[in-house]
Amino acid sequence: IQCDANNMIYKGILPAFILLIFLSACHSDLEIASQGKSDYQLVIPSKANRSELKAASYLQRYVEKINGAIIPIVRDREASIGKEISIGVTNRLSTELLSLIPELSEDGFSIQTENANIFFLGGGQKGVIYGVSSFLEKFLAVNILTSEVEVWEPRKRIKIPTDLNWTVIPPIHFRSTHYRDT
């Protein structure tokens with residue numbers, strides 16, 4: 001068996017390397033925060049309701065605790081900066097995203113990514129809060145056990161999948177823990 005080093009590079013290793021680079025570029029994550037800084041802003045509706053305000057401040061607070069980055073909260077009447085996390089029914093929603101809202105039921109939520117933007121949609125009054133809470137738990141490993149006990153770990157980078165499409169519609173319409181601290 002004869003092995004030509006140049007032939008092996010061009011026919012074997014080089015194409016595999018190019019494919020690896022291409023695949024990693026296609027599946028890169030969105031970096032929300034890195035080293036205490038973020039290129040994102042949180043966008044809420046001009047006339048945000050109480051749930052949208054609470055969800056935005058909740059997400060802002062835990063990103064700061066975990067990474068040190070303070071993501072500013074702005075109203076949707078402000079100009080877009082390109083990278084945004086939209087909370088609730090903002091004027092940043094496409095027709096496709098707006099069409100998801102009626103399907104979410106009272107406590108349902110949907111978290112979607114489009115380009116470099118992230119959208120938190122909620123059904124009823126609390127859906128968007130449940131969306132942010134679930135997001136923090138699933139993607140940032142935040143566990144709030146009581147009003148005084150929470151578990152999370154610092155991270156240098158906060159990343160999420162580029163192609164996030166997560167919708168939850170609870171099958172049960174009643175929530176009660178019968179526990180005062182909640």
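**A hairpin and its sheet**

In β6, residue N117 is the bridge partner of E114. This is a predicted model, where local features need pLDDT of at least 70, side-chain atom pairs count only at pLDDT 80 or more, and totals for chains, interfaces and linings use all residues. Residues are numbered from 1 along each chain as its sequence is written, and side-chain values use heavy atoms, with hydrogens and water left out.

Me: Which residue in the turn between β5 and β6 has a positive phi?
Reply: Strands here are DSSP runs (E, at least two residues), numbered from the N terminus. β5 and β6 pair antiparallel over six bridges; two strands pair if DSSP finds at least two bridges between them. Two residues separate them in a hairpin. The one with a phi of about 55° is N115.

Me: Which residue of β10 stands opposite I111?
Reply: β5 covers residues 109–114 and runs antiparallel to β10, with four bridges joining them. S110 stands opposite T167. For I111, the residue opposite is W166.

Me: Which strands are the edge strands of the sheet?
Reply: Six strands make an open, mixed sheet, in the order β3-β2-β4-β6-β5-β10. An edge strand here pairs on one side only. The two are β3 (73–75) and β10 (165–168).

Me: How many of the six residues of β5 are buried?
Reply: Buried means under 20% relative accessible area, exposed over 50%, and partly exposed in between (1.4 Å probe, protein chains only). β5 is largely enclosed by the rest of the structure, because the buried residues number five.
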